[in-house]
Structures are given as structure tokens and as C-alpha cells.
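Colleague: Please take me through this model one point at a time, with the terms defined as they come up.

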Amino acid sequence: VQNELYLLLKKYGVSPYSLNLQILTAHFDVFYRKQPKEGMQILINALKLPLNTREEAKVKMELADVMVFDEKFNQAILYYAQVEENLKNDELAHEASMKMAKANYYKNDFDWTFQQVKVLKQSSSLLIANDAIALFLLISDNSEDSTRTALTAYAKADLLLYQKKNNEALSGFLNILEKFKGDSIEDEVLLKIGQIFEEKKDYLQALKFYKTIIENHKESVFIDEALFYSAEIFNKKLNDNSQAKPLYERVIFEHPDSVFYTEAQLQYRKIRGDNSL
């Protein structure tokens with residue numbers, strides 16, 4: 001992939017017309033080749049091109065993402081703030097606000113993050129609003145302990161996940177699960193572990209962790225996710241519709257406010273052979 005990207009870049013040259021290709025190459029260098037300096041250089045060079053405000057914002061956004069990867073959180077926050085300032089009310093500005101909140105969270109500035117996500121919960125973008133609510137709940141549910149030990153460990157493991165260091169992240173989350181068993185952070189950790197196993201295509205392990213949420217954390221805000229993700233694995237990965245159907249059913253009837261409601265309904269109807277609806 002790396003060679004293909006560089007060959008394409010050589011073919012089309014470094015100009016505003018190949019901007020998306022430059023951003024993609026930088027992203028690949030940083031997140032997959034773990035070469036932040038190389039990726040950063042591509043983006044810094046891109047900023048020297050004659051770009052319009054939106055194009056410049058796209059480069060700065062990627063540059064900020066790279067800074068977070070490299071744990072240069074203050075510099076990242078600065079770039080996100082510039083995007084937010086230069087593209088007021090644009091979708092990209094809202095995305096920058098959410099990413100800024102995340103950068104503050106990774107650097108353990110939980111109070112500042114909390115204030116940011118409190119506002120972002122009202123975002124017109126469903127995706128941003130959902131991310132903001134999840135982060136808001138994570139911080140509010142795990143701030144009884146003034147040292148926020150579990151929350152700090154969780155943010156560290158979460159950052160490893162962002163850096164695509166999945167094995168290290170998995171170790172971190174498993175360690176939290178062991179250390180803070182029965183604490184309010186447990187359901188969040190179980191969900192993360194399930195998602196990591198799912199990404200590793202270890203579906204049976206993923207199901208095991210989702211099942212723990214379903215059975216032991218009936219009041220969890222993540223129960224609809226655990227139900228839906230489990231249903232999707234049975235339906236699309238294990239071709240076991242008899243197991244998927246009741247899980248989709250539970251999302252539909254028990255969690256009508258879930259963001260997965262529409263998709264669960266669609267899949268449920270397909271399984272029933274109800275294609276006309």
C-alpha cells in the first residue's frame with residue numbers, strides 16, 4: 001500500500017489537486033507505518049500550497065491527529081482550535097471540537113474535557129453527539145474517586161487503541177478489568193475488549209465479553225451496543241440467524257432510542273424474510 005500511495009503521489013505531483021492523496025499518504029505513514037515524522041512532513045509541505053480555507057482545515061485536522069498520535073497534545077489542540085475558528089458552524093468545525101475534547105481527555109485533563117462534551121452532546125451531528133455522550137458518561141461515572149485512577153488507566157489504554165497499538169491496548173484494558181472489577185468502569189472496559197477481539201476477528205472471544213455486559217450489566221448504557229454487536233457477529237460472521245434474531249429483537253423492543261434501532265430493524269426483517277418492508 002505504501003509503495004502504491006507514493007507512486008500515485010509521484011504520478012500526480014504535490015499540488016492542491018492531489019491534496020486528498022497527500023493526506024491519505026500521511027495518515028498511512030503515521031498510523032500504519034508508525035512514522036509520525038514522515039507523515040508530519042507531508043502535511044507541513046501541503047500547508048505551503050495555495051489552498052482554500054476548507055482544504056487548509058483538512059490538512060490541519062490531519063496534522064492535529066498526527067500530533068495526538070505522537071502525544072503532542074497541546075500542539076494538536078492548537079490545530080483543532082484553528083479549524084474550529086476558521087470554519088465556524090461547518091461540520092468539520094464540530095468534528096474538530098470533538099477531537100479537541102478527546103485530546104484533552106488523552107492528556108488526562110478530564111475537567112476541561114467534561115465541559116467540552118457537555119456542549120457537544122447537543123451537536124446536530126448524531127455521530128458527534130453520541131461520542132460526546134459516551135465521553136461525558138465515562139467521566140461523570142468515574143469521577144467519584146478524586147484521583148480518578150481507573151479513568152486515567154482507561155484513557156491510557158484508549159490512547160493506545162487510537163495509536164493502533166491494539167495488543168498493548170488489550171493488555172491495558174484487561175488489566176483495568178482485573179484491578180477495578182465491580183467498579184463503575186467495568187461495562188465500558190468489557191465493551192472495549194469485545195471490540196478489540198472483534199477487530200482481531202476473534203468473534204467467540206468478542207461475544208464472551210459482550211455477553212458479560214448483557215448478563216451482568218443490565219442497567220448499562222452500553223447494553224444496546226452489546227446486543228447489537230453480538231447480533232451482527234452471529235448474523236454476518238457466524239451465519240447463525242437463530243442466535244442473531246432474538247438479539248436484534250431485544251434492540252428493537254427494549255431500546256427504541258438506540259442509534260442501532262433502524263439497522264437492527266432492517267436486519268431483523270431480512271432474517272424473517274420480510275423484504276417488502
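**Loops, charge pairs and helix contacts**

Colleague: What is the relative accessible area of Lys34?

Modeller: Lys34 counts as partly exposed, a class between buried (under 20% relative accessible area) and exposed (over 50%), using a 1.4 Å probe and protein chains only. This is a predicted model, in which local features need pLDDT of at least 70, side-chain atom pairs count only at pLDDT 80 or more, and totals for chains, interfaces and linings use all residues. Residues are numbered from 1 along each chain as its sequence is written, and side-chain values use heavy atoms, with hydrogens and water left out. For Lys34 the relative accessible area is 32%.

Colleague: Where is Lys34, and what is its phi?

Modeller: Lys34 sits in the loop between α2 (19-31) and α3 (36-46); helices here are DSSP runs (H or I, at least four residues) numbered from the N terminus. Most residues other than glycine have a negative phi. Lys34 is not a glycine, yet its phi is positive, near 55°.

Colleague: Which residue in the loop between α5 (73-86) and α6 (91-106) has been placed there, and what is its phi?

Modeller: The loop between α5 and α6 holds Asn89. Asn89 counts as exposed because its relative accessibility is 70%. Although Asn89 is not a glycine, its phi is positive, at about 65°.

Colleague: How many salt bridges does a search of the whole structure find?

Modeller: Side chains of opposite charge can pair when their charged atoms come close. A salt bridge is counted when a side-chain nitrogen of Lys or Arg is within 4 Å of a carboxyl oxygen of Asp or Glu. Over the whole structure, the number found is 15.

Colleague: Which residue does Lys72 meet in a salt bridge?

Modeller: Lys72 has 33% relative accessibility, so it counts as partly exposed. The N to O distance is 2.4 Å, and the partner of Lys72 is Asp70.

Colleague: Apart from neighbours within four places in sequence, which residues are in contact with Asp70?

Modeller: Asp70 lies in the loop between α4 (53-69) and α5. Its C-alpha atom is separated by 27 Å from that of Ser140, 70 residues apart along the chain. Contact means heavy atoms within 4.5 Å. On that basis, Asp70 is in contact with Pro36 and Met40.

Colleague: What is the distance between the closest N and O atoms of Asp274 and Arg272?

Modeller: Another salt bridge joins Glu85 and Lys88 at 2.8 Å, N to O, and Lys88 is exposed, with a relative accessible area of 52%. Arg272 is partly exposed, at 46%. In the salt bridge of Asp274 with Arg272, the closest N and O atoms are apart by 2.5 Å.

Colleague: Which residues are linked with Arg33 in a network of salt bridges?

Modeller: Here the salt bridges form a network. The residues linked with Arg33 are Asp29 and Glu38.

Colleague: How are α12 and α13 arranged, roughly parallel or roughly antiparallel?

Modeller: The axes of α12 (residues 203-216) and α13 (residues 223-237) come within 9 Å and cross at roughly 150°. Axes are lines fitted to C-alpha atoms, for helices over the stretch in contact, and angles run from 0 to 180 degrees between N-to-C directions. Angles under 35 degrees count as roughly parallel, over 145 as roughly antiparallel, 65 to 115 as roughly perpendicular and the rest as oblique. Therefore α12 and α13 are roughly antiparallel.

Colleague: How many of the residues in the contact of α12 with α13 are charged?

Modeller: In α12 the contact includes Tyr203 and Leu207, and in α13 it includes Phe234 and Lys237. Ala, Val, Leu, Ile, Met, Phe, Trp, Tyr, Cys and Pro count as nonpolar, Asp, Glu, Lys and Arg as charged, and the others, Gly among them, as polar. The contact has twelve nonpolar residues and one polar. The number of charged residues is one.

Colleague: How many of the residues in the contact of α6 with α7 are polar?

Modeller: The axes of α6 and α7 (residues 110-120) come within 8 Å and cross at roughly 155°, which means that the two are roughly antiparallel. Among the residues that meet are His94 and Asn104 in α6, and Thr113 and Gln116 in α7. Eight are nonpolar and no residue is charged. The number of polar residues is five.
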